[in-house]
Amino acid sequence: MSGKIMAINAGSSSLKFQLFSMLNGQTGLREERVLCQGLIERIGMDDAVFNLRAGDVKWRETLPIADCRQGAEHLLRALIEHNIIDSLDEISGVGHRVAHGGEAFADSVLITPEVLDKIEQLGVLAPLHNPVNALGIRVFQHALPDASAVAVFDTAFHQTLSQTAYLYPLPWRYYQELGIRRYGFHGTSHKYVSAVCAERMGRPLAELRIISCHLGNGSSLCAIGNGRSVNTSMGFTPQAGIMMGTRSGDIDPSILPFIQQTEGKSAAEINHLINNQSGLLGVSGISHDYRDVEQAASGGDTRAQVALELFAERIRAVIGSYIVQLGGIDALIFTGGIGENARNARQQICRDLAFLGIELDEDKNLKNQFFIQKDKGPVQIAIVNTNEELMIARDVMRVAQPLPVQPALAIQ
């Protein structure tokens with residue numbers, strides 16, 4: 001492989017991408033250097049927005065982009081026009097983020113016609129994501145027919161869950177016939193940040209008990225023991241688990257038919273309610289954005305204050321249960337937009353947890369240092385910037401053509 005790898009995250013109206021140089025052409029060693037990154041938004045509209053950044057140079061343009069295929073073609077032309085690459089032949093691999101791998105995929109895989117068919121079949125479990133992911137795969141296979149294509153599944157990391165962790169206490173046939181079980185998501189992020197944290201701790205990942213908190217508009221926690229996912233807060237869908245930006249997370253399931261009957265809502269309206277109108281937005285009445293809610297709370301808005309407290313308490317409860325399940329904890333990781341940037345959120349979550357060995361150093365927390373625990377604290381508390389695109393590119397290199405070279409230090 002030439003070592004230039006594209007990481008693709010295709011959405012229904014967006015296309016996020018990064019292009020990496022994964023190998024140094026002179027030494028043959030891994031370098032993991034970002035050549036460019038960007039986002040195409042509002043695909044399907046006459047005023048779609050194309051953003052591209054290479055180093056300190058940024059390009060932005062508004063233009064009609066009818067569909068994913070036109071978006072991909074425009075992106076690939078821009079790489080050449082802006083001298084990021086000389087030829088499309090330089091791109092030897094494309095990694096595609098795929099939302100759902102079900103029980104079929106426990107690792108990233110080289111995409112064959114059979115794999116692509118299975119991804120589309122799994123659209124029954126992720127109807128808003130897998131069909132779009134499959135379309136993105138087909139588009140880039142057409143545009144880059146000689147590049148290796150690899151699928152990287154959000155659910156794959158969690159395929160190590162035990163039956164007691166992934167089964168729901170429903171009649172067995174719903175698991176056996178419909179595949180209803182806990183799948184978990186954000187697996188690529190949890191896998192990446194746990195590896196980075198272990199490296200910075202100078203300890204083998206296989207010896208550590210880690211709780212990873214991926215906190216953003218969508219949020220999930222993951223208990224990681226010996227480098228394997230032991231439990232995770234998202235479930236059959238990304239709706240489950242802790243409170244999020246617009247998602248309710250776990251609630252008494254009997255609430256839903258009660259609202260449905262009382263207000264005459266359809267099943268689709270109930271689904272919209274718990275996915276798009278709840279969480280921080282629903283409780284605060286202000287916004288799904290943690291920063292907006294935090295600003296309102298600091299100004300005295302009581303509902304905003306309650307929303308932030310509820311968010312933190314739901315997370316604290318899961319952390320406690322995962323410590324029990326892991327038999328202790330060596331590291332607590334904060335990642336995602338909120339985890340990496342919201343100092344107050346981290347402070348609220350770690351409050352009064354010294355009896356568990358979790359002691360936050362306020363000064364380190366305010367400075368956003370990598371490790372923010374008190375000196376000699378028994379549990380490491382880390383802020384790790386997630387990089388799912390880099391993890392995708394690494395998996396392309398690993399799956400498409402394993403290389404007998406020593407990796408250089410990972411880029412943060």
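Let me begin with a definition: helices (H or I, at least four residues) and strands (E, at least two) are DSSP runs, numbered from the N terminus. Before we go on, please remember that this is a predicted model, where local features need pLDDT of at least 70, side-chain atom pairs count only at pLDDT 80 or more, and totals for chains, interfaces and linings use all residues. Residues are numbered from 1 along each chain as its sequence is written, and side-chain values use heavy atoms, with hydrogens and water left out.

Let's look at the overall layout. The chain splits into domain 1 (2-153) and domain 2 (203-389), with bounds that come from an automatic or database domain assignment. Their C-alpha centres are 29 Å apart.

So what happens where they touch? Seven residues of domain 1 are in contact with four residues of domain 2, contact being heavy atoms within 4.5 Å. About 490 Å² is buried between the two domains, and carbon and sulfur atoms give 49% of that. Buried area here is the accessible area (1.4 Å probe) that two parts lose on being put together, summed over both. On the domain 1 side, Gln18, Arg97 and Leu125 lose the most area to domain 2, together 50% of what that side buries.

Two salt bridges are found across this interface; the rule asks for a side-chain nitrogen of Lys or Arg within 4 Å of a carboxyl oxygen of Asp or Glu. You can find Arg97 again in a salt bridge with Glu388, at 3.3 Å from N to O. Strand S2 (residues 15-23) gives the largest share of the domain 1 side, three residues.

Now over to helix H13 (residues 343-350). Which of its residues are buried? They are Ala345, Arg346, Gln348, Ile349 and Cys350, where buried means under 20% relative accessible area, exposed over 50%, and partly exposed in between (1.4 Å probe, protein chains only). Their cover includes helix H10 (290-298), helix H11 (302-326) and strand S13 (380-383). Just after H13, Asp352 takes a positive phi of about 60°.

Glu32 is not a glycine, yet has a positive phi of about 50°. Glu32 sits in strand S3 (residues 30-41) and is buried, with a relative accessible area of 5%. Asn226, also a residue other than glycine, has a positive phi near 60°. Where is Asn226? Look in the loop between strand S10 (220-225) and strand S11 (228-232).
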